[in-house]
Amino acid sequence: MENTEVNAAPGFKEGLKDGIPIALGYLPIAFAFGVAATKARFLLWLTELMGALLYTGSGQFAILNLIQGGETVLFTYALTIFVVNCRYILLSLSFSQRIDPNMSTLQRMLFGFFNTDELFAVAIQQKGKIKASYLFGMTVFPYISWLVGTIVGCLFTNIMPMSVAVAMGIVPFAMYIATIIPPARKSKPIFWVIVMSVILSIVLECTPFIRGILSAGWIIIICAVVASVIGAIMFPIDEEEDDK
Amino acid sequence: MNYQQLLVIIFIVAIVMYLMRMLPLVFCKGKIKNRFLQSFLFYVPYAVLTSMTIPEVFSSTGGVISATLGFLVAVGLAYFGQGLLVVALSSTVVVFVVNQLAAFFKF
C-alpha cells in the first residue's frame, strides 16, 4: 500500500516545474555577468568556472569588482563574499526548520551547494515539511540556466536585446513579492514584520551617513534581524504540536 | 593577476560561499525547541525578502516609472493569489512596455 500522505507532498517533478520561473530570472543575471566578465578580459572558461562554483549573482559581481581593482589580499575576498551574502546563513537556518528532518547529511551537503534566495522563496511556499526530491527537482533548471546564461553573455554580448534584459531585472523582485504577499494577507504578524522591514530598509538605505558605513549586505541583515526579533517578541508563534 | 592567483581567489570565495549555504542545513537538523528562536526563524524569510526588495526594486529596470508600475503589478497580482510565473512574467511585460513607451515619448 502506498502512503498517500507522503505521495501527496510535491516531489521531483513539481520541483522541476517550480524551478522554471527561477531559471527565467537567472538568465539575464548570468548573461549580465558573462558580459561584465568578458569586458574585464576574463576568458570564457574562467568566467564559466566562477559562475559554476560561486552560483551567486550579487557575490560574483562584487568579487569581479575586487579583482578588477587589483586586490591581492585573499582575506578581503573571503570577507566580501561573507558580507554580501551573509543573509544566506539566516535563510539556511530558517530553511533547516522547514525541510524534511529525514533528509540525510549527504543530501543536505549536496543541496546546500544549490541553495539560493530564489529557491528558498519558492520552496517555503510549500505547506508542511519540504521533501528532498522536491528540492533537488527545483535546483535543475535554475543551475542550467545560470551556466547557459553566463556562456551566452560571454560569447554573444549583443544577442539578447538589451531592452529585454533590462526589463527582466525586475524578475527576482517580482518573485520575492509573490512569495511574501499571500502569507501577509492571511497572517497579521507576517504583515507587520514586512511593514517593519520596509520602514527599516528605507530608513537605513536612504540615510547617507549609514549608507556610507554599511554595505547593502549588512543593511539587509540588520533589517531582517531587527524586524524578526520584534516580530518574535510581539507575536510569538504557537508551539507546533509534535509530529506523530 | 595571473591565472594561478585568480583560481586561488575563486576557490577560496567558492568555499566560503558554500559553507554559508550548507552548514546551517547540516548542523541544524533537529527542531529548534526555543519558542523565541522558532518565532524569529519563522519571520526571517519575510523580513529578508522584504529588505532585499525595498528599495532596490525601484532601481532594477533602468527607470523609476517602469519599476514602480512593475512593482505595483506584482503586488496586485500576488495579492489576488497569482503564482510566481504569472507575477514574474506580467511585471516583466509591464516594465518592458513602459520602458519602450518612455524611450519613444521621452518621459
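In the predicted model, B:Phe105 is found in helix 4 of chain B. This residue takes part in a nonpolar surface patch of about 910 Å². At least two residues of the patch are supplied by each of helix 3 (64-79) and helix 4 (84-105) of chain B. Helix 4 of chain B accounts for the largest share, with five residues.

Chain B also contains a cis peptide bond, which joins B:Ile54 and B:Pro55, with omega at about 0°. The proline of this pair, B:Pro55, is placed in the loop between helix 2 (35-53) and helix 3 of chain B. In chain A, a backbone feature of another kind occurs at A:Arg41, a residue other than glycine whose phi is positive, near 65°. A:Arg41 lies in the loop between helix 2 and helix 3 (44-54) of chain A. Most residues other than glycine have a negative phi, and most peptide bonds are trans.

The second largest pocket holds about 880 Å³ of space. Its lining comprises 34 residues, of which A:Ile29, A:Gly57, A:Ser58, A:Pro172 and A:Phe173 are the closest to the centre of the pocket. Two or more lining residues come from each of helix 2 (12-39), helix 4 (57-68), helix 6 (87-96), helix 8 (117-123), helix 10 (162-167), helix 11 (171-186) and helix 14 (216-234) of chain A. Helix 2 of chain A gives the most, with four residues. By class, 19 of the lining residues are nonpolar, ten are polar and five are charged. Because domain 1 (7-179) and domain 2 (187-237) of chain A both give residues to the lining, the second largest pocket lies between these domains.

Two salt bridges are counted over all chains. In one of the salt bridges, A:Asp117 pairs with A:Arg87, and the closest N and O atoms are 2.6 Å apart. This pair links distant parts of the chain, since A:Asp117 belongs to helix 8 and A:Arg87 to helix 6 of chain A, 30 residues apart. Helix 6 and helix 8 of chain A are also among the elements that give two or more residues to the lining of the second largest pocket.

Rolling a probe the size of a water molecule over the atoms shows where empty space is left. One cavity of 30 Å³ or more is present in the structure, and the largest cavity contains about 30 Å³ of space. The lining of the largest cavity is formed by A:Ala9, A:Pro10, A:Gln126, A:Lys129, A:Ile130, A:Lys131 and A:Tyr134. Of the residues in this lining, four are nonpolar, one is polar and two are charged.

Technical notes: Residues are numbered from 1 along each chain as its sequence is written. Chains are lettered from A and ligands numbered from 1 in the order in which they are written. This is a predicted model: local features need pLDDT of at least 70, side-chain atom pairs count only at pLDDT 80 or more; totals for chains, interfaces and linings use all residues. Side-chain values use heavy atoms; hydrogens and water are left out. On a 1 Å grid over the protein atoms alone, a cavity is a set of points where a 1.4 Å probe fits but cannot get out, and a pocket is an open set with protein on both sides within 12 Å along at least five of seven lines; lining residues have an atom within 4 Å of a point. Grid points are joined across faces, edges and corners, and a volume is the space filled by probe spheres set on the points. Ala, Val, Leu, Ile, Met, Phe, Trp, Tyr, Cys and Pro count as nonpolar, Asp, Glu, Lys and Arg as charged, and the others, Gly among them, as polar. Domain bounds come from an automatic or database domain assignment. Patches are made of residues with over 30% relative accessible area and no salt bridge: like charges are joined within 9 Å, nonpolar side chains (Val, Leu, Ile, Met, Phe, Trp, Tyr) within 5 Å. Accessible areas come from the Shrake-Rupley method with a 1.4 Å probe; for residues, only the protein chains shown count as cover. A salt bridge is a side-chain nitrogen of Lys or Arg within 4 Å of a carboxyl oxygen of Asp or Glu.
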